[in-house]
Amino acid sequence: MASMSSGDESLRLCVFDLRRGQTEGQELDKILFFHPPELDVSTQLSVTGLSEGLITFTRLFSPEAACEVIEAERHSHVFFEAETDIWMVMVVEKNKDTGAIWRIDALRGMLKEVHSLFVMFHGSVRALLEKEPTGGLTRAQLYPFITDYLSTFQKRSRSEDWCCDLFVGKKLQLPNFRETTLSERGTVQMLTLARDTALEVQSLVQVLDSCAGNLQCLSMILFQDLLVSTTLSPDDTVNLFTFAVMRLTSQALLSSDASSWSHLRKGTGSSETSSRSTSGSIDSLHHVIRPLQNDKWKKGKDGFLVTDIWGLETGGSPDPAIPIVWLQETQERVYLLAYQYKSLTLLLLLPETDIVNGGLSAVKQQVIEQASLRIMKIEEKISRGWGGENAYHVKGYRYLVVDTDLEVSRASPSGKVATLAKESLLALNKLREEVDLEKSRAKRQERDLEICIRAKNNAWVIARVSRDKELYMALEKASDTLLDATDAVGRFSNRYCSGAFLMD
Amino acid sequence: MTTSDSSSSSSSSSANDFADRNPSTDPGTNSDRVQSQLESMNLSEPSGVSDGSPTDDDDEEVASANGIEGGEEIEALPRAGEHPVEMEAGEEPPSPTSSGYDGERGSSGGASSTYKADEDEIREANVDADTASQHEAAWLPGKRHVDEDDASLSWRKRKKHFFILSNSGKPIYSRYGDEHKLAGFSATLQAIISFVENGGDRVNLVKAGKHQVVFLVKGPIYLVCISCTDETYEYLRGQLDLLYGQMIVILTKSIDRCFEKNAKFDMTPLLGGTDAVFSSLVHSFSWNPATFLHAYTCLPLPYASRKATGTVLQDVCASGVLFALLMCRHKVVSLAGAQKASLHPDDLLLLSNFVMSSESFRQVLNILPIYKQTSESFSPICLPRYNPQAFLHAYVHFFDDDTYVILLTTRSDAFYHLKDGRVRIEAVLVKSNILTTVQRSIAEGGLRVEDLPIDRRLRQKPSSTNNQGQDSTEVSVGTGGPFGLWHFMYRSVYLDQYVSSEFSPPVTSHRQQKSLYRAYQKLYASMHEKGLGPHKTQYRRDENYTLLCWVTPDFELYAAFDPLADKAMAIKICNQVCQRVKEVENEVFLQGASPFSW
């Protein structure tokens, strides 16, 4: 690995199937995805070989949980068994000087996220492999999907000043401790509504439900990048929310319009396809869809978002096809309709099997007729009361609150987090690592932990875990004593977390 | 080498005898592909076994197997002094055939263990000594479960494995199981390390569920720990470091040269019979805070007694002795060093472990009376922090079961000179009645949280934030010290010494004590985080403890309270603890005479 050329050291990501390539000489068949794709085959095999070796080795002692991470001097190897025997391994370079400091659980969160999104659009990897045992179809879908994910997931933060292009030269820059310490991947961020607005949203949800007539219509509403309401299960909400924030919300559309980003991405993308000598033929064999492709969504005249990612409607219609996604909870395929008015984005999900020809157009028509006025009013109302990007800033605090049961989190705005001293953030990042460890040891219901550390720079970094709820905080008031800091946490908990974090 | 209990020459002579004595155990593989290694191990999933998960508690598992209910644990217990069982337990009938260092160790497969039982086996501390002594015969010396190997499920389920192997994959030491039977497993470990190394990196840690696999590479020697004990990575790595150090104590670092000459060199014969030394060290990882604080502790003594001892040790050092130590078990009574010579606390730990766990140093032992004449030994020994390349020569003499002197010199012909030194020291000990004082100190124990003066003002002051509905006096009743203080450790940074309180209720059983130490270890690792640390203060509460830690340039305080303890009160109590330690520092610390000026 040391002999590798520079530039491709920072990230390696592979997906492999332990059930494939069992005979000698066939090992390459295990690999379903590898980034960077131009890496020579023997190096790819050495990554999967080591991974597989350690999975087997650790199962000797720990049959119920195989290898999760390898910490080496210069790299961290993060493991995630996405499906039985389908492993994702991410290898990142560590470098304190360049800020390449990672929290393993945050990195694993990325693997979980990309896998969940993949399953949402394509179904499980195992199912794809069973459908087409050569693995060609799976590879053809995985390559563009993960590459699109990697190349653009930072886009949602483009507006912020720390942001940089994901590919600098050919180097990927994953979110490091600065971005991950006070944020939690795999959760949604909610908008807090005034009571009367909440009631109006409630009635809008009912109207949306009725737009499909007798059919069940699930819905999700976002204001900017925040969730307003959902009728989906928490897991499905997280997946769709993540996708919407990446590609569908008003901000996502805005940023995709405005950038020279696409040229960069296209350049990279094409080099990737060409470097896969086989992929060209596979692509033509299989109908490859790239749901995470950027710059592909536009707002239509009727307010509905359209894309040609899924091609055209069958039967010679000039209309673009409506995307279909899998819902985890019901294991059901549903059409995804997205409607947007200014900052408000609505997602409607309709069972594929129940929609007959032209059925979707009727639903669209109903939404426009029945709901558009309410949507307008609610958008206006929320916008008027909206405090802007610092709406959830609490003076003097830099915080993250997570509810792991509901998969919801709220944090200080990133602009405010950026004002913390690097030492404070690093200390908190380290503390989160400790808490991650403790969490994995304790049973969910028994979790009860409070840690307050006064770091070298006199900042207090605090973690508080109570069952499903977690609070992380940095306080940089040098004069504070332990009791002052505890009081500050207590006040915050009472005011903003309904007293969930009792401090003794 | 002149010696009365010749425990001297063999390790140095065999260190020069580098022939590969046992080529048949060569695993014969130096594969650089982990995969093929793993395949060759014929791994099988633990099928057909109802429970593939590690037994929840290793203690229990082994304890039931041996029918051992436990034993009185070490000196920290208040009453341990009345029954110095730690010593009795380790004692074996003197072997009539053994006299030499090597021969003795080699023949009996580790003559003895100086602790009563391995960490696996000790359970409750409240078993009385009579019961404990009945079980003596059942205790296995040194290594246990030699019949196991990596194919046995029981072996895989052990909570903590230690391995030492050479960079060609030859096994050198395994805590459990026969090294030779583990050749294939050892080769796998080697393959993992070298696979990562070939990629230009170095593997430190592999995590899987509750298991951690920790690697440490020391030149041609690889050390690996596989553990599901919930200890920190930092501490496990520190344990490997100490294990390596213990090996250096016995062999010096010149062992590296053997591997340069012959990559397939078999080291196991050189360590023959030292299982007890390693297992005793491994055991100490779970009870001796010195292993993670990197500081030593003194036996509490009146200032005058310690000073008298210190003076004579200093005199002896002035006559050409490098270090002179008077020890009581693993605690220091006093010590002195030649000018500019400094002794690292880790060296002290390894040295006392070596002496305490090697039966050859204490051949003729009689349980009390104190003044019985006992053995003396002269043995090559290496202090890895002082100079890992060379042997020193140690003169060791036990005055009684607990108290012994170690005199270290660079000269191999100094036996009679050191013996004279010991006679001078003994004269002072007798004259000042020090050995009796030592025995009294053992019996009385050290600082107790119950003895902390309770500030009346604190007691009366209602606790403002206590939401448990208990008033503060209630909290302090029957739970160790005032206001729920259960235990503390105070480490003086300049002195390289620590003092810890005796265990008090409710932290009474060995299991509870081990659990508290593990909580301290986490706290220590968290406070001393590399790169960021040390942090200044930490408050940590979980379902088991409230822990408070202060790190200042002068001292570090670690205190454990009831999990319901009031925060404000706990802080005040910590202040009082520091105050209290300052008051008694002349009795609990070795002051001034320090060769520890590094």
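Predicted model: local features only at pLDDT ≥ 70, side-chain atom pairs only at ≥ 80, totals over all residues.
Residues are numbered from 1 along each chain as its sequence is written, chains are lettered from A in the order in which they are written, and side-chain values use heavy atoms, with hydrogens and water left out.

Helix α2 of chain A runs over residues 104–122. Helices here are DSSP runs of H or I with at least four residues, strands are runs of E with at least two, and both are numbered from the N terminus. The expected span of a helix is 1.5 Å times one less than its number of residues; for the 19 residues of α2(A) that gives 27 Å, which agrees with the 27 Å between its end C-alpha atoms. Most of α2(A) is covered, with 17 of its 19 residues buried (buried is under 20% relative accessible area, exposed over 50% and partly exposed in between, using a 1.4 Å probe and protein chains only).

Now to the rings. Rings of Phe, Tyr and Trp (its six-membered ring) pair if their centres lie within 6.5 Å, and planes under 30 degrees apart are called stacked, over 60 edge-to-face and the rest tilted. By this rule there are 39 aromatic pairs over all chains. One of them joins A:Phe223 and A:Trp386: the centres are 5.7 Å apart and the planes lie at 75°, so the pair is edge-to-face. A:Phe223 belongs to strand β8 (residues 218–223) and A:Trp386 to the loop between α11 (359–385) and β15 (398–403), so the pair ties together parts of chain A that are 163 residues apart in sequence. A:Phe223 is buried at 1% relative accessible area, whereas A:Trp386 is partly exposed at 21%. In chain B, the rings of B:Phe354 and B:Phe361 are also edge-to-face, because their planes lie at 75°, with centres 5.6 Å apart. B:Phe354 is buried at 0%, and B:Phe361 is buried at 0% too. One aromatic cluster in chain B takes in B:Tyr235, B:Phe292, B:Phe503, B:Tyr517, B:Tyr520, B:Tyr524 and B:Tyr558.

Charges sit over rings as well, which here requires NZ of Lys or CZ of Arg within 6 Å of the ring centre and within 35 degrees of the ring normal. The charged end of A:Arg432 is 4.4 Å from the ring centre of A:Tyr472, and that of B:Arg158 is 5.2 Å from the ring centre of B:Tyr176.

Chain B as a whole has 21 helices and 15 strands, and 63% of its 598 residues count as buried.

B:Thr403, in strand β10 (residues 403–409) of chain B, has 0% relative accessibility. Beyond four places in sequence, B:Thr403 has contacts (heavy atoms within 4.5 Å) that include B:Leu326, B:Cys328, B:Phe398 and B:Val438. A:Ala72, in strand β3 (residues 69–72) of chain A, is likewise buried at 0%. With neighbours within four places left aside, A:Ala72 touches A:Lys94 and also B:Val196, B:Asp201, B:Arg202, B:Val203 and B:Asn204.
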